[in-house]
Amino acid sequence: MSYAIDPELLPWLDMLPAVALTDYESLVAARDQRSRLNDLLPSYEPVNPIDVRDTAVPGPSDAPDVPVRIYSPAGRTEAVPGLVYIHGGGFVLGDLDMFHAIVLRLVDELGIVIVSVDYRLAPEHPFPAPVEDCYAALKWVAAKADELGVDPRRIGVGGESAGGGLSAGTALLARDRGGPELCFQYLGIPELDDRLDTDSMRDYVDTPLWNRPNAIFSWASYLGTEPGGDDVSPYAAPARATDLVGLPPAFVTTCQYDPLRDEGIEYARRLAHAGVPTELRHYPATFHGSAFVESAAITRRMFADEVDALRRGLRL
């Protein structure tokens, strides 16, 4: 297919690493390419002093501790909102460093505490390991709110792509397990539905960075079996959840030429129908991961919308 991609994004298509996930060997190669993507991403120099430290928090039962990176505005005199941030990467790629500049900028803009989660990756660690790691980090943030300088009434969860799907799964776990209470969920271009049966998922087989073949590999790796089966947990694929009542307010984003587009739109619709305060932003002429091109006007608008949504959702 041909795609009417934003002219400001087009020059970057040849510079972005090609991600073609077909087997474990190709996944290892994609992980090795991560440094190439990091080299393309601009660094960020905060305007305000920010303390950054790495630590590990107690993991799920009978599982290793979960590495996290804590970003805190320096010199605070009162508690601020906290955000558990979950990186993207199709459940099989990504780490704390890939999204470091983005998280640093969010902390600088908002003056909040962010705990970024280095959850275990599939296929080495399939479901439920990744989402349970994220939920363990959320429980730790709530339990250590005073120590972190976080207002326990203003804790949110959010992320991009697989991180958006894991954020939705974490929000479902928090609701169904009786806490911790969340005030907000940010679901950026979220990966939510293993059934792979939307128009965008069927048609976008060759879109940049993410496409149907990659999605198939991603879900098979995460689930440890072929996607689309009858017994897939809603905590793995939140689109499978039959009851969305009682979830925290949501901000959902989608990109036009993204196989994940329609499942994000549908999840936002269902959240709204369940009475969850939900805002959906759809960005024309963009593709999955186009937000890495920070110089484009559409990317600047996407980031400004994200900051504004977090400011409102975390009640700043």
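Two strands count as paired when DSSP finds at least two bridges between them. Strands here are DSSP runs of E of at least two residues, helices are runs of H or I of at least four, and both are numbered from the N terminus. With that in hand, take Y85: its bridge partner in β4 is S116. Strand β3 (residues 80–86) and strand β4 (residues 113–117) run parallel, joined by five bridges.

A word on what you're looking at: this is a predicted model, where local features need pLDDT of at least 70 and side-chain atom pairs count only at pLDDT 80 or more, while totals for chains, interfaces and linings use all residues. Residues are numbered from 1 along each chain as its sequence is written, and side-chain values use heavy atoms, with hydrogens and water left out.

Now zoom out to the sheet. It's an open one of eight strands, in the order β1-β2-β4-β3-β5-β6-β7-β8, with mixed pairing. At the edges sit β1 (50–57) and β8 (278–287), each pairing on one side only. From one strand to the next, the twist averages 20°.

Helix α6 lies across β3, β5 (150–160) and β6 (184–188), and runs at about 140° to β5. Such angles go from 0 to 180 degrees between N-to-C directions, using axes fitted to C-alpha atoms, for helices over the stretch in contact; contact means heavy atoms within 4.5 Å. The length of α6 (residues 162–176) agrees with expectation, because 15 residues at 1.5 Å a residue should span 21 Å and the end C-alpha atoms are 21 Å apart. (The expected span is 1.5 Å times one less than the number of residues.) Of the 15 residues in α6, 13 are buried, where buried means under 20% relative accessible area, exposed over 50% and partly exposed in between, with a 1.4 Å probe and protein chains only. Just after α6, G178 takes a positive phi of about 80°.

Helix α9 (residues 261–273) lies across β6, β7 (250–257) and β8, at about 150° to β7. D262 belongs to α9 and counts as buried because its relative accessible area is 16%. Leaving out residues up to four places away in sequence, D262 touches T198, D199 and S200. The D262 side chain also reaches the backbone nitrogen of D199 at 3.4 Å.

S26 is buried because its relative accessibility is 14%. Beyond its neighbours within four places in sequence, S26 is in contact with A20 and L21.

Terms used: A polar contact is a pair of N or O atoms within 3.5 Å; within protein, one must be able to donate a hydrogen and the other to accept it, and residues adjacent in sequence count only if both atoms are side-chain atoms.
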